[in-house]
Amino acid sequence: MLLDSSATNGAASTVQVELREGADGAVPHRHDKSSEMFYVLGGEVEVLAGDQVLRASAGDLVVVPPGLPHAFGAPRDSGGELLIVITPGVERFEYFRHLGRIVTGRVPLESILEVQETYDTYFLESQVWQGARRPG
């Protein structure tokens, strides 16, 4: 996390993400109230935007408007680094803490469904994304 919503008076949340070759970033989801911008700082990333999987390189910017399904990860043959900006902002520190509790088994995976509205993050299925991320 670089800045959370509380640090910007609700204007934005920003996070910097580094992904190793083939690493998953975020599974398919949408935000109903916020746009999400992905600026590629280095390497390459794959971004699901609706029903398209885009490959973006250093210096590229992908903007996802509210309601559009999206996800991101590194291609199998490249790592990448992203600056992600969500505007208007959503408190992300607590969201990431909740994900940590899921990973460590302190709360069940299904608990993420209970906080989707709180964090304006609604998970969904994407056959396009699954096909693009499948090995082979």
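Predicted model: local features only at pLDDT ≥ 70, side-chain atom pairs only at ≥ 80, totals over all residues.
D120 is buried, with a relative accessible area of 4%; buried here means under 20% relative accessible area, exposed means over 50%, and partly exposed lies in between (1.4 Å probe, protein chains only). Residues are numbered from 1 along each chain as its sequence is written, and side-chain values use heavy atoms, with hydrogens and water left out.

**Backbone points to look at**

D120 sits in the loop between α2 and β8 (122-123). Helices (H or I, at least four residues) and strands (E, at least two) are DSSP runs, numbered from the N terminus. Although D120 is not a glycine, its phi is positive, at about 50°. N9 also has a positive phi without being a glycine, with a value near 55°. N9 is placed in the segment before β1, and with 78% relative accessibility N9 counts as exposed. For background, most residues other than glycine have a negative phi, and most peptide bonds are trans. The bond from T87 to P88 is a cis peptide bond, with omega near -5°. You will find P88 in the loop between β7 and α1.

**Salt bridges**

Side chains of opposite charge can pair when their charged atoms come close. Here a salt bridge is a side-chain nitrogen of Lys or Arg within 4 Å of a carboxyl oxygen of Asp or Glu, and searching the whole structure turns up seven of them.

| Salt bridge | N to O distance |
|---|---|
| R133 and D24 | 2.9 Å |
| R55 and E44 | 2.6 Å |
| E46 and R133 | 2.8 Å |

R133 counts as buried at 16% relative accessibility, whereas D24 counts as exposed at 56%.

R133 also pairs with E46 in a salt bridge. That pair again links distant parts of the chain: E46 is in strand β3 and R133 in helix α3, 87 residues apart. E46 is buried, its relative accessible area being 14%. Through shared partners, salt bridges join D24, E46 and R133 into one network.

The salt bridge of R55 with E44 ties together parts that are eleven residues apart in sequence, because R55 lies in strand β4 (residues 52-57) and E44 in strand β3 (residues 35-49). R55 is partly exposed at 41% relative accessible area, and E44 is partly exposed at 23%.

Helix α3 also holds W129. With 6% relative accessibility, W129 counts as buried. W129 and Q52 are 77 residues apart in sequence, yet their C-alpha atoms are 8.2 Å apart in space.

**A nonpolar patch on the surface**

Which residues form the nonpolar patch on the surface? They are Y39, L41, L61 and V63, which together have about 350 Å² of accessible area. Patches are made of residues with over 30% relative accessible area and no salt bridge; like charges are joined within 9 Å, and nonpolar side chains (Val, Leu, Ile, Met, Phe, Trp, Tyr) within 5 Å. Accessible areas come from the Shrake-Rupley method with a 1.4 Å probe, and for residues only the protein chains shown count as cover. Strands β3 and β5 (61-64) each supply at least two residues of the patch. L41 belongs to strand β3 and is partly exposed at 37% relative accessibility.

**The largest pocket**

Rolling a probe the size of a water molecule over the atoms shows where empty space is left. On a 1 Å grid over the protein atoms alone, a pocket is an open set of points where a 1.4 Å probe fits, with protein on both sides within 12 Å along at least five of seven lines, and lining residues have an atom within 4 Å of a point. The largest pocket holds about 560 Å³ of space, a volume being the space filled by probe spheres set on the points, which are joined across faces, edges and corners.

Its lining has 25 residues, of which G25, A26, Y95, L99 and F123 lie nearest the centre of the pocket. The elements giving two or more residues to this lining are β1 (13-19), β2, β7 (80-87), α1 (93-103) and α2 (111-114). By type, the lining residues divide into 16 nonpolar, five polar and four charged. In that division, Ala, Val, Leu, Ile, Met, Phe, Trp, Tyr, Cys and Pro count as nonpolar, Asp, Glu, Lys and Arg as charged, and the others, Gly among them, as polar.
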